[in-house]
Amino acid sequence: MKIFTKSIPLQAIVILAVMFLLWVGPLADPQPMPADAGGAVLYDIIAGWLAPTPLLAVILAMVLILFEGVILNLLLADNGLSPQNSLLPTLLYVVCMSAPATTLTPMVAANAMLILCLRQLMLKGTLLTISTDRACAATALIGLASLFYLPAVLLMISYMLTAINYRLYSWKDWAVLFLGFLAPYALLATVLMFTDGLAGWWQGVADAIGTAGVNIGEFSAWQAVGNGALLLALVAGMVSVWNLSSERPVIWQKNATTLITLIVGATAMLFFTQLFTTDMQFFALPFTFCTACLLMPPVRSLSQKRRKEWIFVLILILTIAAALIC
C-alpha cells in the first residue's frame, strides 16, 4: 500500500476517481431522496428543501461523504489509530458510504454527528476516562443524530458499552447520559408545542417504531456478493484490530474499542430496515477503522512487506469492486 503512505496529492486523486466511479450512475440519473420512516424532523426539513432538485441532493451527498471522510481521517490520525500521512481511511469511508447510496440519505447526515461524538469520546494522554462535559456532549450528539434518522437512537447502546469501558459508573455519569441525550429533544418539543406539531411528531415516532422487524430485502446475485464481501472485510478488519491490540498501549485499545462498539448499535438499527442486503452506511465508522487496520498492519521486515503488499492491494481493489456492484 505504498501509494497510501507517500504522496498526499496522488492519494487525493485516487479517492476522487473512486468516488466518481461510485457516483457516476446517480449523477447521470438522480433519484429522489428516500422518505423518512418517521420522527426525523431535521431530515424532513432537508428533504423538503431538496425535493425539487434531486441532482443537488446527489451532489450534496457526495460533498458531505467526502468531507466526513476527511474529518474521520484526521480524527483517527490525531489519536494514533491510523498513520499521519495516509488518506486510506478517507477512501474506505467513501467506499462504504457510497456502496448502497444513490442520493442523500438520513445516515449521511447522522454520521456527521456521530463523527463529532467520537471526537468527544477519544482518549488522550494518560487519563483513561472522559470528563462530564464531554460525556454530555457525546450523548447530545447521538440525540441530534437521531433527529436525522430516528433508529440512530439505538447507538446509545454503544455509548453505554463505552461508558462501562471508561468506568463511568456513578449516578452523576448516568444523569449526564440522559440529560445530554434529551437536550435536543427538549428543544424540539418546545418548538413543536409553539407550532402545533407535537402530536404529528409523536405519530411519526410511533410509525417508525412500528416498522421494526426481521426483514430480508430483494436483491440480485451480484448485490449479494458485493454486500457479503463488504461485510467480510469488516469482520476481517475486526480480527486484525483484535490481533493488533496486544501490541498497542491501553489508550489505543480503549479508543479502538469505542469505535468497534458502534457495531452493536448499528446492528440493532438493521431491524428498522433489513438484515440483508445490509445497509453499510450504518457500519461506515467502524468499517473505516477496522479495514484500515487490516490493509496497513505493521510490518517487521522488508521481505515481509514485499510479500504482503500485493495481497493488501488486491483486497482494496476487491473492496472497491464490491461497492460498485452493490
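On a 1 Å grid over the protein atoms alone, a cavity is a set of points where a 1.4 Å probe fits but cannot get out, and lining residues have an atom within 4 Å of a point. Grid points are joined across faces, edges and corners, and a volume is the space filled by probe spheres set on the points. With that in hand, a search of the whole structure finds 2 cavities of 30 Å³ or more.

This is a predicted model, where local features need pLDDT of at least 70, side-chain atom pairs count only at pLDDT 80 or more, and totals for chains, interfaces and linings use all residues. Residues are numbered from 1 along each chain as its sequence is written, and side-chain values use heavy atoms, leaving out hydrogens and water.

**Largest cavity**
- The largest cavity has a volume of about 80 Å³.
- Among the residues lining this cavity are Leu 114, Ile 142, Tyr 159 and Thr 261.
- Helices α5 (106–121) and α7 (155–165) each supply at least two residues of this lining; helices are DSSP runs (H or I, at least four residues), numbered from the N terminus.

**Second largest cavity**
- The second largest cavity holds about 40 Å³ of space.
- Its lining includes Asn 111, Leu 114, Phe 282 and Pro 286.
- Two or more residues of this lining come from each of α5, α12 (262–269) and α13 (284–295).
- The biggest share comes from α13, with 3 residues.

Note on methods. 1 Å grid on protein atoms, 1.4 Å probe; cavity = no way out; pocket = protein on both sides within 12 Å on 5 of 7 lines; lining within 4 Å.
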